[in-house]
Amino acid sequence: MKNNSNLGILLKGIIKENPVLVLILGTCPTLATTTNVVGAFGMGIAALTVLVCSNMLISLLRKIIPETVRIPCYIVIIAGFVTIVEMIVHAYFPALYDMLGVYLALITVNCIILGRAEMFAGKNSVGKSALDGLGMGIGFTLALVAMSTVREVLGNASFAGIPIPFMEPFKIEIMTKAPGGMLVYGLLIALVFVITRGKAPLKKSFSCAGCPSAGHCTASGACNTEVKEEQAQ
Amino acid sequence: MSNQVKLAVSPHIHSGNSTRRIMLDVLIALLPTTIAGAIIFGWKSLIIIAACVASCVGFEALFNLITKRRQTVGDLSAAVTGLLLALNLPVVEQNLGITIFQCVIGSLFAIIVVKFLFGGIGCNVVNPAIAARVFMLIAFGSMAKVGLPVVVDTVSSATPLSVETAEQLPSIMDLFLGLRGGAIGEVCVLALLIGFVYLLVRKVITWHIPVVFIGTVFVASLFMEGFDVMMALTMTLSGGLFLGAIFMATDYVTSPSTAWGKIIFAFGAGMITFLIRYFGTYPEGVSFAILLMNILNPYIDSWTRHKILVAGGKKA
């Protein structure tokens, strides 16, 4: 499957370039909102909505936004959509709003969204950017739901708030606490690494071209080889 | 075929030391403590010990089998981990099935997460038994309680670290013999000292870590208690200090290999224990102290490494 085909763009966010488990972006909401399945699912859908909308708008405006001030422009666009989503959640799902608290507003600075704007939407057409946002959003939601399922079932003996019979005395309370979150997160990353056999694109697909710190980084030698390859091409 | 000459590469003579022999020595050294624990806390302690040892050995065998590694159960390190974990657990009032379940989860964490995910024996960053003990302390609210001895009445059995008034404190003799509350293996100081002497005689461990560790806590407590020797002695004999200092902090993999390194390591662990006991929210800090110093171990080891002299007296 080519990375450039529409289906490829949509699917790569789910496993191969899963934003949380392979790109290791957006770890803060991942650890904080996965103590229960409902909160994690709500967080995933909220981020997905913002991601699709911001990706599309940024892609539309990519020729207008000046290169030097693109980050503030992206942030303003993302913050606008986050505000809309936050108001909708507040109005229609007050319980979810209370559960997510500050993390809903913090979607603004979620690196998945800014990362996709920088890595993808700023360089590709509107349709492709929407698909990329959708795929990454689904990948984010799936990762959160998987993590929260493990944490809620083991740590709280319930699933989506419904208690599981006979599990109550056997719950492992650490799973709903911060160390348990780190533990499950690490094990899930390891699992995805095994599934993709470590072939997940780590460095190659994010070349130094367009990276704001490329100037400093090439001198240090970390990205050197790739830049040279690109210049040769 | 009888006149065939066998060729072997050097070394041709070795001391007969092996992981298996060392681990067997540790198991023998832990025997008095295990027996004392069983007498003080009753038959339930034996079930906890059996559950921990069996599941640790089982997980090690299973993991080696699944990942097609060389079978390492024979080196007895998993048995030592299981026994040490069990000796660090209290016998608490709860359904025995749940206790066994918690032991199995703790062993799973010790062997799979702490030991094998970091590369197996010799590669673990922290002591598996200590890490699993801390994991269980945080994971299961019931495991944070203090186990009470069955052989004495409960008045004198509260752990000295969590009582408020001086009248409730057990006597020094009770502390030394282990007639107090606590984990299975930490209470009987006499039995732990017998194990310490055995390990010293067999040259499995050196004196540095246990003596400096316990000495640091004693001296720091002495200052804190206004030079009240009895009170400082009570603090030193309480909690899991002797078990931790003799058996947990001396683990080869996670403690420094040079004498000075060991002294720094033990002093740090002693100070952290003292600070947690007097100023922290947990009554006992030995496990956390050893865990923290385990993490610092590579740095201590590299600071105190012997300078190798090459020709001309230059330092390599």
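Author: Start with helix 4 of chain B. Its buried residues are B:Thr99, B:Gln102, B:Cys103, B:Ile105, B:Gly106, B:Ser107, B:Phe109, B:Ala110, B:Ile111, B:Val114, B:Lys115 and B:Phe116. This is a predicted model: local features need pLDDT of at least 70, side-chain atom pairs count only at pLDDT 80 or more, while totals for chains, interfaces and linings use all residues. Residues are numbered from 1 along each chain as its sequence is written, and chains are lettered from A and ligands numbered from 1 in the order in which they are written.

Reader: What makes a residue buried?

Author: Count the other C-beta atoms within 10 Å of its own, with C-beta atoms placed from the backbone: 20 or more is buried, 12 or fewer is exposed, and in between is partly exposed.

Reader: What covers the buried residues of helix 4 of chain B?

Author: The cover includes helix 2, helix 3 and helix 5 of chain B. Helices here are DSSP runs of H or I with at least four residues, strands are E runs of at least two, and both are numbered from the N terminus.

Reader: Which residues does B:Ile112 touch beyond four places in sequence?

Author: B:Ile112 touches B:Phe59, B:Phe63 and B:Leu117. Being in contact means that the two C-beta atoms, placed from the backbone, lie within 7 Å. B:Glu60 is 52 residues away from B:Ile112 along the chain, but their C-alpha atoms are separated by 7.5 Å.

Reader: What makes the phi of B:Leu76 worth a look?

Author: B:Leu76 has a positive phi of about 65° and is not a glycine. Most residues other than glycine have a negative phi. B:Leu76 lies in the loop between helix 2 (43–66) and helix 3 of chain B. With 20 C-beta neighbours inside 10 Å it reaches the buried cut-off, so B:Leu76 counts as buried.

Reader: Is B:Phe227 buried or exposed, and how do you know?

Author: B:Phe227 has 9 C-beta neighbours inside 10 Å, so it meets the exposed cut-off and counts as exposed. Its place is the loop between helix 8 (208–224) and helix 9 (229–237) of chain B. B:Phe227 also has a positive phi, about 60°, without being a glycine.

Reader: Why is B:Leu275 called partly exposed?

Author: There are 14 other C-beta atoms within 10 Å, a count between the cut-offs, so B:Leu275 is partly exposed. B:Leu275 belongs to helix 11 (residues 259–279) of chain B.

Reader: What makes a set of residues a nonpolar core?

Author: Its members are buried Ala, Val, Leu, Ile, Met, Phe, Trp, Tyr and Cys residues, joined through C-beta atoms within 7 Å. The largest such core has 129 residues, and A:Val50 and B:Ala86 have the most contacts inside it. Helix 3 (residues 37–60) of chain A gives the most to this core, with 11 residues. Leaving aside neighbours within four places in sequence, B:Ala86 is in contact with B:Ile48, B:Ile49, B:Cys52, B:Val53 and B:Ile184.

Reader: How many residues of chain A are in contact with chain B?

Author: Seven residues of chain A are in contact with nine residues of chain B. The chain A side divides into five nonpolar, no polar and two charged. Here Ala, Val, Leu, Ile, Met, Phe, Trp, Tyr, Cys and Pro count as nonpolar, Asp, Glu, Lys and Arg as charged, and the others, Gly among them, as polar.

Reader: What confidence does the predictor give chain B?

Author: pLDDT is the predictor's confidence in each residue, from 0 to 100. Chain B averages 85, and 88% of its residues score at least 70. Over residues 154–158 of chain B the pLDDT is below 50. Where pLDDT is low, the predicted coordinates should not be read in detail.
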